[in-house]
Amino acid sequence: MKRSRLLLLKGLCFILTSCLEAEVEIGLKRDGSGEMKMKILPLDRSLNPLINDLEADLKRNPSFKDSDITRGTEADGRSSLFVRKKFNRVDEVDKAFKFISKEDSCAFQMIIPRENHEIVKKVTVNMPGEIIESNIKGFSGNSLVWNRTATSGNKLFVKSKPPELFKNTILILIVIFLILGVGVFTAILVMKMRRKPKEMAKTLNFCSECGSKAGTDDLFCQNCGQRLG
């Protein structure tokens, strides 16, 4: 009886892994914290009920109790399940994930469990700093995309070089000086614009007899002939 149950369970796992596909994105920080995003789809819309069962299972799973789990519908009618989980350590998501952060490098390792080997079709990893080494080709900057195929292995290794603090500090200082420079220039311009009407007012004379405006070099009022000054 126990053996028949075990065979049934294995059969169900095989059916599920053959009917679902998933995309996983993991963003890592230097301290090992980060965020995981996962999108799960059935291979055909006739298999949409599997998404209902999977949603219920994930919500009961202690590892995903603090996750944001939402449903969606694709353009082709397939139901989709979105899972978003923040973590303090990447192994909180899966014990098969490991992250090591050293002074000169950071390393991430991912082993896809056997039961999920065929489900996971795409893995995106965002590392702290620039990626310098991986068993997957085609990485650029701090991001790596692993498009998995039927012949792909189940292991991923990524190593990155943390950003240099000195360069970042210089960049921040340059930005601060630029902001301060723009602020000082704007303040000087505003002060000049406010001062100009006052200076113009000082250079104008007015006739004490008729009140007409007169230039600074005029000796007599152009309107009534009254002597100025």
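Helix 2, which covers residues 49–60 and has 12 residues, reaches 17 Å from its first C-alpha to its last, close to the 16 Å expected at 1.5 Å a residue, where the expected span is 1.5 Å times one less than the number of residues. Helices (H or I, at least four residues) and strands (E, at least two) are DSSP runs numbered from the N terminus. The model is predicted, with pLDDT of at least 70 needed for local features and 80 or more for side-chain atom pairs, whereas totals for chains, interfaces and linings use all residues. Residues are numbered from 1 along each chain as its sequence is written, and side-chain values use heavy atoms, with hydrogens and water left out.

The buried residues of helix 2 are L50, I51, L54, E55 and L58, buried meaning under 20% relative accessible area, exposed over 50% and partly exposed in between (1.4 Å probe, protein chains only). Seen down the axis of helix 2, these residues fall within an arc of 135°, so they line one face of the helix; the arc is that of the directions from the helix axis to the C-beta atoms. The face turned away from this buried side carries the exposed residues K59 and R60.

Strand 7 (residues 120–126) pairs with strand 9 in the antiparallel sense over 5 bridges, pairing being assigned if DSSP finds at least two bridges between two strands. Within strand 9 (residues 143–147), L144 and W146 make up the covered face, and S143, V145 and N147 the uncovered one; L144 is also the bridge partner of V125.

The structure holds 0 disulfides, a disulfide being a pair of cysteine sulfur atoms within 2.5 Å. C19 is buried, with a relative accessible area of 14%, while C224, at 38% relative accessibility, counts as partly exposed.
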